[in-house]
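Please work through the following exercises with the sequence and the model open side by side, trying each task before reading its solution.

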Amino acid sequence: MQQIIYELLKTQIEFGMHRCGDSLPTIKEASLYFLASVDTVRLAYLRLKEEGYITLRTCVGATVKIRFTDEEIRENYRHYFSSRRESMLVFSQSAGMLANFVQWFALKTATGENLDELEWLAIHKEISPIYRMSRQIQLLYSPLGNDLILRLFWQMFLFFQAPLVSIRQNLQQINTSDSPLLDMIRDVREKDFDALWDDGLMTAKSYSDGLLKFYEENIPEDNGCKQSGFSWSIYKKASQICYSLCMEILMAIQAGVYPVGSYLPPPQTFAREKQISLNTVRRAIALLNKFGATQSVNGVGTRVLPPLDGAVNCDFTDPMIQKRLLEFLQSLHILAFTCRDCARTTIDSLSVSLREQWLQKMERVRQSDLYDAVIYISNEMICLHAPYPVIRTVYAELNRQLFWGFPLRNLHGDREQTNLYFLPYLEVFIDALARADAAGFSACLEELLIAETGFVARFLSGLGIKEAAELVLPSRVG
């Protein structure tokens, strides 16, 4: 949150929304806009002060210190948008596949109090768009009980919308046009959820069209400009080496690189090959032991345990394990919200040979007697072959988090019971791929992921993980 606030205000200053001598919101006001603690906002302001953007004085507050000429401001945003031309234009065409269902569901289930505040924000255009939109994101997505969804949409907002509304010349159009959110709030109050869906699609298209027009009128093409793409990380900190190593080892176990009963390489080997500290490796292995994936024996090594025994061997009371399991659940939750559009678009874009590869993988799942792998295989194919980079980026990160579900492999019972549960889904997937039925495949995948999210949420709630109990499961009308 500190980084988000810093980036938002820095962009506003560099793009001329806040000029030299202008006052920024007080720390207390900013904490209300961003639903952040006063201390978090203060740290963001202190960083802006240290870098020479603002002055910060008791009783006076924050004042913009740095002075940019009109030409420097134009150069700042021209450089920013030139370096993101390819990624932003593609992003604008594809982000709706990640956002449409979540936005529709969040509005459909919003409380009357939240709708009133959303409406108030949409009407009061004297509030800077960046602060209005920041608050709207919080109001819309916080009630879903998944902070990963909130962080994902924050990152999407920062990449796409925030820069556009940080340019003064765009304000006139923003302030003279009616907010599409008002139409969507009206749809919710009238319980016209089909119209809500259509208005959401129209809003996404209007943003895409607006961005294209902005580029055509303001940003000259620079073929030599180095391009920056959209990025997103599950973790709040930039570097989580211990967790990354755990993930790599879990993925290697799943792939058979380290078979059940075999021993992992010594910690010194991991430290040397990954160029990380020995202490980091030992922390990662300790976490794998608590997960029930491995067992370390003094003087012998670290042995790989059977995956189906994970629930027996896992220390579900450990706070770190509970946190990783919650990340698994929250990742499933996002996949349940987004998989339908993403899977359908991916299948429709595949060549015959790639679709055949996907079908063959599903056939191998049926032959392997590990039917629960259909979830991993489906999301992996979207991660690898979705036609849009933003979807591949988000799915690559989410798919990695599914490996934290290692101890929950027998959630549906023993192997026979698990296979009986997943078999109907597997048969639909195989049949749909054989007939190139993207709509049938994606609808079935959504149904499965919603059901799995519910199973995991109830299990983790039973462990006393309150965040799991607060998760709101998606559902569709009709």
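**Exercise 1.** How much space lies in the largest pocket, and which residues are the closest to its centre?

*Solution.* Bear in mind from the start that this is a predicted model. Step one is the volume, and about 1400 Å³ of space lies in the largest pocket. Step two is the lining, which is made up of 48 residues, and those closest to the centre of the pocket are Met 133, Gln 161, Pro 180, Thr 203 and Tyr 207.

**Exercise 2.** Work out which element gives the largest share of the lining of the largest pocket, and describe the lining by residue class.

*Solution.* Begin with the elements that give two or more residues to the lining, which include helix H5 (85-94), helix H8 (129-141) and helix H12 (193-218). The largest share is that of H12, which supplies 13 residues. Sorting the lining by class then gives 25 nonpolar, 16 polar and 7 charged residues.

**Exercise 3.** Locate Lys 191 and Asp 369, and decide for each whether the residue is buried, partly exposed or exposed.

*Solution.* Lys 191, which is not a glycine but has a positive phi of about 55 degrees, sits in the loop between H11 and H12. Because exposed means over 50% relative accessible area, Lys 191 counts as exposed at 65% relative accessibility. Asp 369, likewise not a glycine, has a positive phi of about 70 degrees and lies in the loop between helix H18 (352-368) and helix H19 (374-385). Its relative accessible area is 39%, so Asp 369 is partly exposed.

Terms used
Residues numbered from 1 in each chain as written. Predicted model: local features only at pLDDT ≥ 70, side-chain atom pairs only at ≥ 80, totals over all residues. Heavy atoms only, no water. 1 Å grid on protein atoms, 1.4 Å probe; cavity = no way out; pocket = protein on both sides within 12 Å on 5 of 7 lines; lining within 4 Å. Points joined across faces, edges and corners; volume = space filled by probe spheres on them. Helix = DSSP H or I, 4+ residues; strand = E, 2+ residues; numbered from the N terminus. Nonpolar A, V, L, I, M, F, W, Y, C, P; charged D, E, K, R; others polar. Buried < 20%, exposed > 50% of the residue type's maximum accessible area, 1.4 Å probe, protein only.
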